[in-house]
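Colleague: I would like to learn how to read a few features here. Can we take them one at a time?

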Amino acid sequence: MSDTWASALPQAQFDGLIRIREAGLCGMITLRGDPAALAGPLRAQTGLDMPAQRRIVSAGALQLAWMSPDELLLCLPHAEAPTMVAALQTALAGQFATVANVSDARAVFDLSGPRVRDVLAKLCPVDFATLQPGDIRRSRAAQVAAAILSLEDDQFRIICFRSVAGYMFDLLAGAAAPGSDPALYP
Amino acid sequence: MSHRLASGGRLIDRRQPVNFSFNGRQMSGFAGDTLAAGLLGAGQTLLGRSFKYHRPRGVVASGAEEPNALLGLGQGDRFEPNQRATTTELFEGLAATSQNHWPRLEFDLLALNNLVPQFLTAGFYYKTFLWPRAFWKHVYEPVIRRSAGLGEAPGPRTRDPDRYEQIYAFADVMVIGGGIAGLQAALAAAESGARVALWEQSAHWGGRAPVDGIEIDGTPAEDWITATLARLAAMENVQLRLRTMGAGVHDHGYVLGYERVSDHAPGDDAPRHRLWRMRAGRIITATGAIERPLSFAGNDVPGVMLASAMRDYLVNYAVAPGQEVVIVTNNDDAYRTALALRRAGIGVAAVVDARADPAGPLPQAARAAGIRILAGSGIRKVKGGRHVKGVEVCAIDSRGVAHTAQLDCDAVGMSGGWSPVVHLWSHCGGKLIWDEGGHFFRPDPARPPLGQDGAGFVLACGSANGDLGPVLGDAQATGCRAAQAMGADGAASDAGRDTPAEMAEMEPVWIMPRAAEYDLRAKMWLDFQNDVKVSDIQLAAREGFHSVEHAKRYTTLGMATDQGKLSNINGLAILSDALGQPIPATGTTTFRPPYTPISLAAIAGEARGPLFQPLRRTPMQDWHDAHGADWEPVGQWRRPFAYLRKGEGRTAAVNREVRNVRTGVGMLDASTLGKILVSGPDAARFMDMLYTGMMSSLKPGRCRYGLMCNENGFLMDDGVVARLDEGRFLVHTTSGGADHIHGWMEDWLQCEWWDWQVHTVNMTEQFAQVAVAGPKARHLLERLGGMDLSREAMPFMSFAEGALGGFDARVFRISFSGELGFEIAVPASQGRALWARLMAEGADLDVMPYGTEALHILRAEKGFIMIGDETDGTVIPQDLGLNWAISKKKTDFLGKRGMERVAMQDPDRWTLVGLETLHGTVLPHGALALAPGHNANGQRQTQGRVTSSYYSANLGCGIAMGLVANGPDRMGEVLDFAGPKDRIIQARIVDPVRIDKDGERQNV
C-alpha cells in the first residue's frame, strides 16, 4: 500500500539563495510527561539520552528534540513510527505520559547553503547567531508556527503543520529569491 | 538662479552623468546627486505648489526634514506620490513630476486661494462647514478635494510589481545615525565587546562634519571617518548599514528600521525596501540636529533655504543656490554658509544678523573676508513670487512698517538655530528638558525611556543630545556605557578629538521683525507643507486652543508628512508667546514613529498576494480543485461550498448534492474538524469541566455529542467526543475552533488546574477525515472490506479501529446529516488515496462529493445547530433547546455559574424554533421578527431573528431556524419578518426538525 502515502508537497524544491527541498514522509512522535519518567523508556527503545533545553540528540536515523519542559519530539523513519508508538506506550503504561504519532500532521523542509540564516531571518524572529548545530527553536515563520532545527553548519530543517506546507514553501522560496541577500550573518 | 559649479562636489562623480526628467523635461545630473541636487543644479528652483494656497514652493532643506520638495516618482504600476527630492538618489531615467497644481506648475489657477487667505485660516473646516447643510456634500467637499492636497494616489488598478521584505535582527547596542558621533559610539561599544548594529539613513557615512569643516585629531573629518569605518568594517561584532533609517523605538528595545535597498538602483532583482525588526539591549540615538527656519514674510518663496542646506548643496554636490545670496541669522553657524559661498565665488549680498553685536570668531572671519553684516536687523519681507528677487531689511525690534535697506538677491539662506533630533528618544517615553542656552529641547538624561530592568534603554549622544560643540568624547563615553550595561566591558580606544569652530551665543527670534504687523505675520510660514502661518497659531491661541496638542490639531501645524520637523519649535514658541508663558510651560506635541514615512509595502512585507495570509489545505484539496470545487473560506481553510459540474450553477449543484445524500451516498471532506487528544489520569475529570454534559460516564469505544461554553455560559464550540480508552479522549471541535479550543484547554490546565494530570495534543492535522453519508453509505464502505461495519458490530455513536481496505482507519458511526453516516479518519498522508478509492468504489452507486452548503442544509433539515449561525457569542445552550446536553448531576462545569445569572434565567429569552414562510420562499438570513411599537430611538421593536435559512431541495421549500421570544410556546403563530426594501415576509413558527423526527434514518 506504499503508493497510498503522500507527503504534504511531494518533491517540492527551489534553488536560490539557498537550496530548499521538501523532506518527504518523516516519522514524528510527540511525547509528553515528566522527563525523569520518560528518560528510561526512551533510552531503552531508542538508545538516546534526554536532550538538554532547546537541544537535539541524535543517533543514526533517530533524533530526539526538546520541545518544552514536559514535551519531546522523536523523529524517526516514517514507517517505524506506529511500532515505536506502541512500544513506548507499553513501556510507559501506568505512568502519566502521553505518546502520539504526529508524523502526518507535519510538513518538513530541508534548507541548506551558506545563506540559510539570512533567509530564515526574514521569516523567523530568531537570533541565528546564537543557534548552534544541534539546537532547536520553536518559533514562527511569518504567520505560522514553525520548529527550526539547526542540524549542521549551513544546514537547517524547518517543520510546520501539514496544511500550511504550500504557504511555508512559498514563504521560503520568496525569502530565498536571488538578489535578496541581506548579508546579515557572516 | 541655482546652478552647478564647474568644480567641486565631494559626493558626485562628474565622469558619470545621469539623465532624468522633471515634468517631461530632460535634465542631467551626476552620479551621487540627490534628485534635489540634480534639479537645483539644472536651475529648477520651483518644484511644487503648497497644500492650501497653491503658493510656489522650492527646496528648503537637504535631508529628511524637507517639507516642500515632494514629487511624484515613476510611472504606471511604479508611480509613487510625495517622494522627497532631498532623500531620493538620482538614477538614470528617473522620471519626476510636480504635484498639487492645475493646470500647470508654472501657471496654477488654484493659486487664487492665495488671494483670499482669510477664507482658509486656522480651523476653516470647522468654521466653513456649519451651514448651509446642503453645501457640505455638493460644494465644500468637491471644491476642497480639488484644491487641497499633495500628490495623487496611484490608480486603483495599478499593482506594485516590486518585492519587499522584512528581517529580524539582534544587537546588544543599536546605534542610529552614522555621523561622527554615531561612528564613535559604535566603535567604542564594539571595542568594549558588544554586538553592535549601526544604521545611517543616507547613502553616506559621516553626517555633516565634512561639510561644516570639522577637524578631528588635526586633520579633516573625512580622514577620521574613513579610518573609523575601516576599523568598524573589520570587526565581526559590527553590522553596518547605509540607507537604513531608524523609524521607531518601541518597548523592550524593539527598533524598526527602514532600508531602502534598491530605490537608487531600480531594475535590480533586489527587493525595493526591507523592514528591519531589531531587538537591541541598548539604543544610542546619534541622529544629529535640524536647523530651524526663521519666520519672516515670504520665507516660503522658492530660493529661501536653510543656510545649512545651502552649504550641503555647495560642498556635497557643487550646486549653488543662486548668484547673489543673502544670509539671515540669529547665530554664528550661518556664517559658515556665507564663508563657504564666498569661497566658491558666489556673491553674498549681506549677512542680516538679529543680534546687535555679532562678534564671534565666525562673524569676524566673515568681516575679514569682506562680507557685509547688517547687525540688529531682520528681513522685513522677501520680494518675488515664483523665485526670490530681493529682500527688504528692517530693524529687528521694529513693527516692520518701513525698511531700512533693500538688497537684490536670488536666494536667501536662513538660520534660526538648531534643534536636536529627539524623536527616537521620545518614541518610547523619553522626556525632554528646555536648554536655556541653545533654545531647544534636549533629552533629559534623568528621564530616559525605561526598559524591563528599570534602567533607561535609550541613550542620546552628539548633537542629538544637544551637544552642538565637540561630540566625540561624549559619544565614546556613551558607547562604552551602553556596552557595559550589556555586560561588555572591554577596553575601548581613546575618542577622536573634534575641534569645531567656537560659537558665540545665539539670540532667539521667533517672529522677524519681533513686533511685526498682521499683514507680515500672515505671510510668515511655520509649517510649509500644511500651509500654517504665524497668524494661524496666534488666532488659535486667541480662540482658546491653549494646549499645544489642541493648537496642533486646530491649525494642522506639524501634521503633514514631515511631522513638523522644521516647524515644531517655531510653532511652540509662537504659541507660548501668544499665551504669555515660557516655552517649556507649553511643552511639545508627541513624537510618534515612523521618523519619516515608510512604504506600506515594507510594512506588509511578504504578506501580499498568495501569501497575504496562510491558506490551510487538506490532503484532498487538489482533488476538490480538479473537480469543480467552488470555494468558501472557513477560518484559514478553504472548503468546497459545492462541486460544480460542467455547465452547472451553484444552486443546482447544491440541490443535487443535498438530494443525493438523502437518496444515495455522499462524501464530505471533514479533515478540517479539530481533533484534540486529551489524556491522563485526570482526563475524565477535565472533560467533565470542559463540557456541559457528562463525559466521564462515556464508555471506551463510544461517542457522545457535547457542548462547550465559556465562563459566561455562552456556547463556544460543539462536537463529538470519542473515548479511546479509560485515560484518553479524542475531542472533535468545529473547523474554525480547533486552535482556540486547544489554547482554551491549555489555559485552564496551565493556569488554573496545574496540578491535574492531563495532557492535550492537537492532532487536527494528523488525520484526514471523510464523512460518508446516505442510505448507501454502509454499502460503499463494505466494498473496501477489512472491518465489520454492521449495525450490530458498530451501532450509532460508536467507533472502531481497523484496516479498512488496507488503510489504517478509525471509523466513527456518527451523523451530522441525519442519514446513515460514518466518518473515516486515516493518517493525513493517506487521505488523498482514501478519497480516490471511495470515489472509485462508489462510482456505480453514484457517490458524489458534497460541499459545506449541502452540509448546512442537511443539518438544518434535521434542526441541528451550527456554531456561528445559531450562536453569536451571546447565546446559551438553553436558548437552543439543548437543555438535554447540560448535566444536572455535575457540581460544576465551565459556564455553569454564568448560566445561573438573572439575565440567563429570563423566561423571555429568544429561543430556537423552526420557521416556514407562508409561500415556501426563503427568508433572508438575519431578518428580524417585528413586534408592535417602537423603541426610544424610533426604531421598530423586534421579537426574534433568523439564524439560518436555506432552500431545501428535499422538502421543496425554504426552511429556516431562528431565535424568537418564547418561541417554543408559540408553535403555529405567524410572525412578520423585515425583508429588503421594507417588504414584510410572513413566516410560521414550526418544529425545527423537518425530516425524520425520530432519528430512524441515522440508526439503520
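Colleague: Which residue of β29(B) stands opposite B:Asp435?

Modeller: Strands are DSSP runs of E with at least two residues, helices are runs of H or I with at least four, and both are numbered from the N terminus. Two strands pair if DSSP finds at least two bridges between them. Here B:Asp435 faces B:Phe440 in β29(B). The strands are β28 (residues 432-435) and β29 (residues 440-443) of chain B, antiparallel over four bridges. They make a hairpin with four residues between them. In the turn, B:His439 has a positive phi of about 55 degrees.

Modeller: A word on the source: this is a predicted model, where local features need pLDDT of at least 70 and side-chain atom pairs count only at pLDDT 80 or more, while totals for chains, interfaces and linings use all residues. Residues are numbered from 1 along each chain as its sequence is written, and chains are lettered from A and ligands numbered from 1 in the order in which they are written.

Colleague: How do I read a helix pair?

Modeller: Two packed helices are described by the angle between their axes and the distance between the axes. Axes are lines fitted to C-alpha atoms, for helices over the stretch in contact, with angles from 0 to 180 degrees between N-to-C directions.

Colleague: At what angle do the axes of α4 and α10 of chain B cross?

Modeller: Roughly 40 degrees, for α4 (residues 180-191) and α10 (residues 472-485), and the axes come within 7 Å. α4(B) and α10(B) are therefore oblique to each other (under 35 degrees is roughly parallel, over 145 roughly antiparallel, 65 to 115 roughly perpendicular, the rest oblique). The crossing of α4(B) past α10(B) is right-handed (the near helix is turned clockwise from the far one by less than a right angle).

Colleague: Which residues meet there?

Modeller: Contact means C-beta atoms, placed from the backbone, within 7 Å. Among them are B:Ile180 and B:Leu187 in α4(B), and B:Leu472 and B:Cys480 in α10(B). By class, this contact has twelve nonpolar, four polar and no charged residues. Ala, Val, Leu, Ile, Met, Phe, Trp, Tyr, Cys and Pro count as nonpolar; Asp, Glu, Lys and Arg as charged; the others, Gly among them, as polar.

Colleague: How many residues of chain B are in contact with chain A?

Modeller: 41, against 42 residues of chain A. β9(B) gives the most to the chain B side, six residues. That side divides into 18 nonpolar, twelve polar and eleven charged.

Key
Two residues are in contact if their C-beta atoms, placed from the backbone, lie within 7 Å.
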